[in-house]
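User: Can you walk me through this one? I'd like to hear about a strand and then the cavities.
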Number of protein chains: 2
Amino acid sequence: VRRFVIVGQKATAHPDFSLDDLPATSGRLDVLLRCVQTALLVSHGLRRDAMVYLVLLGGPSAPRTIRIDGRSAEYVRPDERSIAGLARKLLAAAIDEPGFVLLAHGMSVARGGLDAVLADLAQMGAFTPYVLEEGAADLREASLDLGNPVFFLGDHLGFDPSTRARLAEIGATPLGVGPVSVHADDVVAIVWNELDRRDAANERPSYRPD
Amino acid sequence: VRRFVIVGQKATAHPDFSLDDLPATSGRLDVLLRCVQTALLVSHGLRRDAMVYLVLLGGPSAPRTIRIDGRSAEYVRPDERSIAGLARKLLAAAIDEPGFVLLAHGMSVARGGLDAVLADLAQMGAFTPYVLEEGAADLREASLDLGNPVFFLGDHLGFDPSTRARLAEIGATPLGVGPVSVHADDVVAIVWNELDRRDAANERPSYRPD
């Protein structure tokens, strides 16, 4: 499974945002929602070997993390508003237990941020962490774990110092995607393209149709 | 200038669609709007050497084409709803003259579809047409015109036969981006990544900050 963890420094963990003006009311949750589209959806289908975590560090309920698991997700529509509506529903749920609580097909929420993600990843077995950073070693030239890579991305604000420190602590390998600083969802598209190409070279189909 | 032409087979050319449910009311204009984000926007800025054409072949006013010119565009916000609102305003304008009519900073609309685009391109001088197609020769291995390339993309329905024939007629070179069929906006992200990398290799800055 290929996992993408998007850390939103101010993205709201509270459902009280407006679908009519996401950028101004959600701490730029829209940046993270676009990563959901790109991480999970392909033409006419869903990537069944993909998972995405949205780490929400803003707003009164922070930190919370939304997890969407492509293996069992249903009804992930491609437009931003639909995904925003989905996020709002998930964030409105009361979460009392520790860890990720399954709320709908493939959709879970945890109280907690990066630490909740790392605990969840550890539970699922071995994985290889990568952190996407401007100016880091080129993804195209890097050796990549095609089985269980986990890609950590910042939002439009980058990473806060404590996230950066934690990622260094777990030994995340820095990777860069190119010379221009592009939006997080474009980074996800470029990473997937590299994975898809390597899968094809290894005769391993990365996209398992529904 | 790098140009992206997205052809929407059923995307509406009429402003009467709902911002609250783009996929169901606009003939999947949302697919094209996401290409605007990716073609024009980078982190904290706008690509000044980019232009995007949305060819709208659906709805009662079809065909119409929206053109957004990165050299002079202003107020391009990154979220889907804002770009949809912008498209709605542009499509509501009465267009009587032939060719592209400038309606706002960098934003124009023409009555007409692919032929209007080709006439506009011809007016602007020499260009090299490419058509993005599944299974075509790999973009990474292709020689590319870095000065004035024009990339033609289909929407979720691909190209209709007459568009395909017209593109063959003008000698558009088929290019593929990888083994998996991804959304049009992800294709744009992958194409830009290749251009950015070649620009860097040529010590030519592709992203000119505002």
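**Strand and cavities**

User: In chain B, how covered is strand β7 (residues 107-111)?
Analyst: Mostly covered: 4 of its 5 residues are buried. Buried means under 20% relative accessible area with a 1.4 Å probe, protein chains only. Strands are DSSP runs of E, at least two residues, and helices are runs of H or I, at least four, numbered from the N terminus. This is a predicted model, where local features need pLDDT of at least 70, side-chain atom pairs count only at pLDDT 80 or more, and totals for chains, interfaces and linings use all residues. Residues are numbered from 1 along each chain as its sequence is written, chains are lettered from A and ligands numbered from 1 in the order written, and side-chain values use heavy atoms, leaving out hydrogens and water.

User: Which way does β6 (residues 101-104) of chain B pair with β7(B)?
Analyst: Antiparallel, over 3 bridges. Pairing takes at least two DSSP bridges. B:Leu102 stands opposite B:Ser108.

User: And the cavities: how many of 30 Å³ or more?
Analyst: The whole structure has 7. A cavity is a set of points on a 1 Å grid, over the protein atoms alone, where a 1.4 Å probe fits but cannot get out; lining residues have an atom within 4 Å of a point. Volume is the space filled by probe spheres set on the points, joined across faces, edges and corners.

User: What volume does the largest have?
Analyst: About 110 Å³. Among the residues closest to its centre are A:Glu80 and B:Glu80.

Definitions and conventions: 1 Å grid on protein atoms, 1.4 Å probe; cavity = no way out; pocket = protein on both sides within 12 Å on 5 of 7 lines; lining within 4 Å. Buried < 20%, exposed > 50% of the residue type's maximum accessible area, 1.4 Å probe, protein only.
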